[in-house]
Amino acid sequence: MNQTVKAQLNIFKRGLAWGVPLVFLLGIGAWLGQATLWESFFPGGVSPAGLFLTSLSILIATLLYRPRPPFPFLPNPGWWQGFIRYAAVMVLLVGLSRLLQWLMLGAREPLALDNLFRMGSSGLAVLCSLIFLLIAFFRISFPLVYQAVIAFPRSINRLQFVLLSAGLGLPLSLLIGLDLSLLGIFFLILVALLLLDLFTEGYSTSLTWSLIWLIMLSAFMTILLYRFSIERDFRAMEQIAPRLAAAQDTVAMQAIAELPIQLDRSDSLQQLLQNTANEPISAVSIQQQLDIVLSYFPYLRKYYRCIPIVFNSSGRAGLRQQPQLSADWLAEAVPDARVPVLRSLPGGQLAYLLRVNSPGYGILYLLFTPQEERGERLANYLTDQPYRGIPELSRYDFAIASTSGLHYYQGRPHFSLLQTLAAPQPGTSTRSLRSSRAAIRYLDPNQSQVLLERPLGGYAKPVAFFAFTFALLFLGYSLFSWIPFLWGFQPSPAFPSLITLRGNSLRQRVQGSVFLLILGSFLVLAVVTTWYFQRSSLGAYESQLVQQVSTLRSDLEQRLLLMPPVYAEDELLEQVYTLADIHQLDVELYDLNGRIQASSAGFLQARSLAENRLPPAQVNSLTKGLLAYVIGEQEIEKQTFRKIIFPVRQVDARPVYYLAGYYPAPAQTVPNALYDFMGALLSGYVFFLLIAGAVAIWVANSITEPLEQLREHLQELRIDQLEPLDWERQDEIGRLVQAYNTALGALADSTERLRQSERESAWREMAKQVAHEIKNPLTPMKLSLQYLQRAAGQQPDRVEQLLPGTLNTLLEQIDSLDRIATEFSHFARMPKAENEHFDLRSIVRAAYDLFGEQASEELHYELELPEIPAPVFADRKQLLRVLNNLLQNAHQAIPSGRRGSISMRLVSNQPHTWTIEVVDNGSGIPESIRDRVFTPNFTTKSSGMGLGLAMCKAIVEQAGGEITFTTTPDVGTLFSVTLPAVPAAV
């Protein structure tokens, strides 16, 4: 099977290994999101669960990613491949930015950045999906740029790639509709590629670099998300403003038009109105019955104040307190009965008017004017319909005004912007952006003005989101940087790990241990403080509302003292209504038996939404004086409210009534402010964590720096250059350095003695070896000459016949002596290495081609080379000599009668190194002689000096590498030559 077919099969296997689980996860995500598989890649309407599983599957695939040279068929592939790698990173960055834009501008449910702790499970799933994609982006981008840095060590070349990629990103961004300025896009791509290039050029898996990248990625996502979030708010406000500028509220108009039918059904209201025919009655009695009717129209009850105006049949006012509007003006303003109209009141305020005629009492006019939020009134919580039916309006503060003045507002808009913000053309709007708010001023063609504002919270909210994103990214990055080690493999190049507790680096272990210790402490402290402040805030909120009800109770007691001993029921009801309006809190008044007497929210009992009596247990507790107040719970329209009950006392301290105040459960109102505080608290913790991480790095460096210096000295240690270390402090490291310097002095003395002993031993061994090797050829030379001498004396006539053979013998032995001298000369004086940059694949291929010509059916040669360059810096000729020697030894190691197999492989088993492996299926090396394989003068052959492998070892070590072997008797031997990988010259 040739190399091309094997490579295609490997690609097919990897595709199956990645594709099957990827499609499986995408299928699950599509099923959960009720979407097709295609939509999982292009999520136009995919659910958060689908997006979550899609991004997770992409991340898992990137963990298995191994870089390959892209598009090798292009001309001048080296330059094109370098540029395409940077361009690929640019495409990923632009695509990720476009996804963030879609999530904020195009998704049906955009990611909510207002309150991190209330974004819900779907928002958290989307945010985690973005975290996965950020990690996947870095996981893919790092090896792409890393290979480009190796292939192009000159910074000027890579700078050209960066500039070209940033320039190419501009038309790509315009093509896909990325809503950023061209300068912003260019700057974003340029900074990202330059920093990524800087990181890979000085590649390090230290905690410092990892934290820097986490900060960068978190800042990248935070800036873009808030940029697109603000743009989404501006677009939404520009769509809302014309609807607010319209004079008529169609939702209110429709509800008012349906109101007369419900008024006719209220017998209590009709009875009260008939009473007005005789004499004016209290407006509060009518107001209570109107509230019951309006409870069926929650929109009107929440956003409008209903004011009754009654005229009896004789034209007199039917209520003791009613607006000073004449019957003639009202009759002209509302010409048709039961048909609501929008009119401008004499004071300039717009109001909706409704007229209901009845022969029993006269005419009832209802005046509806907009009202602002009414504190803790029940209407605010029992109505979820937005103002004018605009769902997005709850996110914004707004004010509506005309030439006659301000008509209506909600929230806390900056009214000054209606004058200071540049006046737009009619039908258009003007934008204003500050750190605390985003606002528009819209001018209607009818000269109505709308001010819409989006509170941004200053820089606190983006910082809190950055902190939250950083925390999630930190956890995700830590988890997925450890997964390759848990699976038992190391990606190539290595995936930068965040915290290393296991490994060969003491610095990383110290940094990781200290950082994890600090992180654990901060997590525990954050949980405890969050729990404490949550309880404290909820308690403070509840105490505040209890105090509010208590104050209302005191006001009621003062009013009761001023009332006559005997008073009418409507007078008591009027006091309750007045106090409810003053304190903006709905209350109920019960007698001592627990029966209701008056209520500012009479619709609760009229519609059976609440009981008419207090629970007996609460009445008994208050009657016996055991409790100052009682707190219970009441469920109204599927919402839980607290009900606090106080006794209302007279001068003699005896209770005469029980006052109950309604307020929503703290969990429904407090968390917005509380979670803002928790976000600020999280920001503080994250920044404290970063500071603690910097301290951990400094502590680890202070511990390991002297050890690193010691390591460098030990690496550069030479017998003839023993330089002591300098250390000022007399601490543990100082004592270690002192012991090291003392050992250097002892080592110098021992070295000198050892040198003398080794020289003497080497001379003796060399003399013995040379004598032995020279003696071997001298013996046949002596015997030949003696034989010739004896023949000359005994058989002179044979001398001429014997002379040629004797001369040949002498010449052969002289050649043998010459070879001995030459081998000793080469070993004793290795030629100086002429190092150069070259691709290691070239000499491996050359050695294979030389010996591959000898291939036959009895001997098979095999070669395996990587697809990417393998740059080294060494002597090309000497390394070729090493490979030839190894192949020659492998050939000679195969016993006769066995079909030989010799293979050469060039692999990268660990970062920054290349390894040449020569494998044979020969007899192997016996265990008894393995320690002497690289020893000079050792050989298992019948001829030769045994200096070949010794010279190979010297050549490889001179190039900064290492040569080793593994062998199995009668199975074969593997020789490995490992050389450092260096950037190749361009």
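Modeller: A helix here is a DSSP run of H or I with at least four residues, and a strand is a run of E with at least two, both numbered from the N terminus. On that basis the chain has 27 helices and 21 strands.

Biologist: What kind of model is this?

Modeller: The model is predicted: local features need pLDDT of at least 70 and side-chain atom pairs pLDDT 80 or more, while totals for chains, interfaces and linings use all residues. Residues are numbered from 1 along each chain as its sequence is written, and side-chain values use heavy atoms, with hydrogens and water left out.

Biologist: Why is S218 called buried?

Modeller: Buried means under 20% relative accessible area, exposed over 50% and partly exposed in between, with a 1.4 Å probe and protein chains only. S218 has 0% relative accessibility, so S218 counts as buried. S218 sits in helix 8 (residues 207-245). Leaving aside neighbours within four places in sequence, S218 is in contact (heavy atoms within 4.5 Å) with F466, T469, F470 and L473. Of the 986 residues of the chain, 46% count as buried.

Biologist: What makes strand 16 and strand 20 edge strands?

Modeller: Two strands pair if DSSP finds at least two bridges between them. The open sheet has five strands in the order 16-18-19-21-20, with mixed pairing. Strand 16 (859-864) and strand 20 (962-968) each have a single partner strand, so one side of each lacks a neighbour in the sheet. Neighbouring strands of this sheet are turned by 10 degrees against each other on average, direction ignored; axes are lines fitted to C-alpha atoms, for helices over the stretch in contact, and angles run from 0 to 180 degrees between N-to-C directions.

Biologist: How do you know that strand 16 pairs with strand 18, and in which sense?

Modeller: Six bridges join strand 16 to strand 18 (residues 900-907), and the sense is parallel. L859 stands opposite G900 in strand 18. Helix 25 (residues 840-852) lies across strands 16, 18, 19 (913-920) and 21 (972-980), at about 165 degrees to strand 16.

Biologist: In which sense do strand 20 and strand 21 run, and how many bridges join them?

Modeller: Strands 20 and 21 run antiparallel and are joined by seven bridges. F965 has F975 in strand 21 as its bridge partner.

Biologist: Which residues form the nonpolar patch on the surface?

Modeller: I156, L159, L163 and L194 form the patch, with about 310 Å² of accessible area together, taken from the Shrake-Rupley method with a 1.4 Å probe. Helix 6 (residues 155-176) supplies the largest share, three residues. L194 lies in helix 7 (residues 182-201) and is partly exposed at 37%.

Notes: Patch = residues over 30% accessible without salt bridge, like charges linked within 9 Å, V, L, I, M, F, W, Y side chains within 5 Å. Salt bridge = Lys/Arg side-chain N within 4 Å of Asp/Glu carboxyl O.
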